[in-house]
Amino acid sequence: MTDFASLVDLDRCTVSPRVFNDQDVYEVELEKIFTRTWLFVGHESQIPEPNDYLTTFMGAEPVLLTRDASGSIRVLLNSCRHRGMRVCRRDHGNAKLFNCPYHGWAYDTGGKLRGVPQLEESYYNELNRDEWGLIEIPRVESFRGLIFANFDAEGESLEEYLGDMAWYLDLIVNRSKNGMIAFPGCHRWRLGGNWKLAAEQFGGDNYHAGALHRSMVEIGLGTQGDFRGKNPWISDFEVKCGNGHGFINFDIDSGEAPPIQAAFFEQIRREAVETLTPEQAKLVLSVQVGTVFPNLSIISFIGFTSVRVWHPCGPKEIRVHSYGLVEHDAPPEVKEITRKMLGLTFSSSGIYEQDDGVAWGDIAEFQGGPVRRKYPFNYQMGRGHGKRMDDKPGLIHPPSTEIGVFGLYEKWREMMAR
Amino acid sequence: MTTDLRLQIEEVMIEESWLLDGNRFEDWLALMTDDIRYWAPVRENLGRDEEDFHQLHLLTHFDEDRMTMGLRVARLRTGFAHAEEPPSRRRHFVSNVKILDASSPESVQVASNFIVFRSRPGLEEHLFVGGRRDQWVHTEAGWRLRERMIIFDHDVIENITVFI
């Protein structure tokens with residue numbers, strides 16, 4: 001029996017390599033973390049009409065995000081109660097019924113079992129259909145259009161769970177009056193690596209950028225080689241938000257936007273003054289990157305926004321589902337500029353993101369040997385140099401630091417040791 | 001006439017593969033017009049009667065113009081594009097070239113299939129498979145690519161570090 005708490009050393013700020021490549025650790029994570037936290041399942045704009053649905057995953061479980069016939073948002077296990085086949089194998093759509101391909105049991109978008117072939121002849125009308133609806137995830141809550149679900153019927157509300165992180169998410173998803181919508185489609189790609197390596201990087205590792213993304217600096221796109229910004233504490237900082245969440249804010253000059261996009265940025269800045277607090281409004285349209293524990297990350301800069309889930313697929317594989325968000329009110333031309341930028345930079349072919357995947361894959365693939373496992377990884381950067389500030393929540397550090405990143409492992413340890 | 005045209009296009013596609021597999025990316029870019037659109041919509045699993053890749057604002061794996069193609073190539077030359085450093089071994093196979101529309105002698109619409117094999121140092125081997133819809137235009141210098149839509153036949157794709 002592994003003592004999971006021993007894998008994260010709170011005093012030394014170190015983490016065992018086993019956390020990133022051990023099958024036993026992974027199996028326990030699925031239970032102790034993924035069935036007990038708020039997990040992102042989709043955006044409200046993806047299911048606008050009654051009977052709209054989207055298929056995704058919560059940890060290891062395939063789920064259906066639906067808007068039922070009466071308009072309520074529900075999350076259901078995508079698994080027939082009879083033999084367990086997925087009742088829906090499309091990415092999204094609109095349907096009154098999900099018909100299981102195997103024996104034909106049929107469920108509505110609220111999960112109720114509506115049809116059973118041979119109910120009379122072979123079940124002798126003795127099957128109580130009310131008992132055999134799709135398994136419903138007990139809690140579903142939204143934050144500014146972002147829908148989360150939780151297998152745990154008890155515990156913190158989504159708002160309590162997000163805590164200080166909500167203030168920072170608002171910098172992106174609440175910076176405009178009419179909010180954001182999702183682009184159609186999803187960047188879905190496979191990467192070698194452990195899901196936590198991806199989550200930690202977005203939650204507070206700007207330190208990697210100068211080395212791993214040096215190619216971008218070399219071609220003149222990373223305007224500042226060390227990715228640290230110029231105004232520490234003020235506009236260039238990292239935040240440990242509690243509950244394992246982390247956020248990075250940089251006010252890096254991203255170069256000149258096309259005129260129509262620059263005009264739209266001005267519109268967002270004007271709207272943000274009304275939708276946000278004065279302290280928040282000052283930070284709008286910085287480079288912003290964050291992770292909501294355990295596996296939702298968000299990145300927003302030069303107008304594009306990606307929300308992505310690092311779906312765990314064994315200890316050494318990640319399935320990335322990345323959705324693009326854009327302001328509802330953006331002109332079509334701006335939507336197109338934004339969509340192209342997202343694909344160019346942070347996507348399955350992104351000129352930043354290509355290289356991230358290689359680091360995570362290498363660590364998971366090659367560092368699982370019995371010798372290397374004895375020596376923990378170092379997360380000590382910036383320890384003891386953060387402070388609480390009046391104008392923004394959370395524990396603030398100037399870049400670079402790994403205190404926010406380590407917060408993810410503090411939360412991980414707490415949940416794994418329960 | 002059509003056979004001759006198909007052979008001409010096949011020849012330039014073979015040249016493309018030769019240049020890409022030989023790391024001659026700049027020479028490959030030179031086969032594109034200045035107003036090139038090089039794009040690859042994401043694929044979705046929808047109903048049989050629903051086309052997935054013609055939705056407005058659909059996300060794309062690539063949607064490049066001359067400038068961004070140049071950036072992608074320049075990045076590979078820095079020595080710090082770590083996903084391709086050391087470079088992967090790549091092999092392009094292009095087949096099933098079909099002229100879709102040759103009504104204009106200066107501009108043809110062409111369909112083709114591709115398989116791209118990629119082997120990365122110490123990591124897995126992958127295949128990228130799909131079809132392409134191209135527009136080739138005839139110039140004084142020869143055939144030049146004006147538009148390429150890449151239709152990947154993948155649901156969950158690999159980290160795309162290659163050109164198709």
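Two residues are in contact if their C-beta atoms, placed from the backbone, lie within 7 Å. With that in hand, let's walk through this predicted model, starting where its two chains meet.

**Where the chains meet**

The contact draws on 37 residues of chain A and 31 residues of chain B. On the chain A side, at least two residues each come from strand 14 (187–192), helix 6 (214–218), strand 20 (317–327), helix 9 (332–345) and helix 10 (353–366). Sorted by class, that side of chain A holds 10 nonpolar, 13 polar and 14 charged residues.

Strands of a sheet pair through backbone hydrogen bonds, either parallel or antiparallel. Strand 14 of chain A pairs across the chain boundary with strand 7 (residues 157–158) of chain B, in the parallel sense and over 2 bridges. Within this pairing, R190(A) has E158(B) as its bridge partner.

**Chain A as a whole**

Chain A contains 11 helices and 23 strands. Its radius of gyration is 22 Å, close to the 22 Å given by the globule rule for 418 residues, so chain A is as compact as a globular protein of that length. The C-alpha trace of chain A spans about 75 × 55 × 40 Å along its principal axes. Of the 418 residues in chain A, 50% are buried. Among contacts in chain A between residues at least 6 apart in sequence, 64% link residues at least 24 apart.

**A sheet inside chain A**

Chain A also has an open sheet of 4 strands, ordered 6-5-4-7 with antiparallel pairing. Strand 6 (73–77) and strand 7 (92–94) of chain A each have a single partner strand, so one side of each is left without a neighbour in the sheet. From one strand to the next, the twist averages 25°.

| Strands | Sense | Bridges | A bridge pair |
|---|---|---|---|
| Strand 14 of chain A and strand 7 of chain B | parallel | 2 bridges | R190(A) and E158(B) |
| Strand 4 (residues 52–58) and strand 5 (residues 61–67) of chain A | antiparallel | 6 bridges | T55(A) and L64(A) |

Finally, take S17(B), which sits in helix 1 (residues 2–21) of chain B. S17(B) counts as partly exposed because it has 17 C-beta neighbours inside 10 Å. Beyond its neighbours within four places in sequence, S17(B) is in contact with H92(B) and V94(B). I164(B) is 147 residues from S17(B) in sequence, yet their C-alpha atoms are 8.6 Å apart in space.

Note on methods
Residues numbered from 1 in each chain as written. Chains lettered and ligands numbered in written order. Predicted model: local features only at pLDDT ≥ 70, side-chain atom pairs only at ≥ 80, totals over all residues. Rg over C-alpha atoms; globule rule 2.2 N^0.38 Å. Buried ≥ 20, exposed ≤ 12 C-beta atoms within 10 Å, placed from the backbone. Nonpolar A, V, L, I, M, F, W, Y, C, P; charged D, E, K, R; others polar. Pairing = 2+ DSSP bridges. Axes fitted to C-alpha atoms, helices over the stretch in contact; angles between N-to-C directions.
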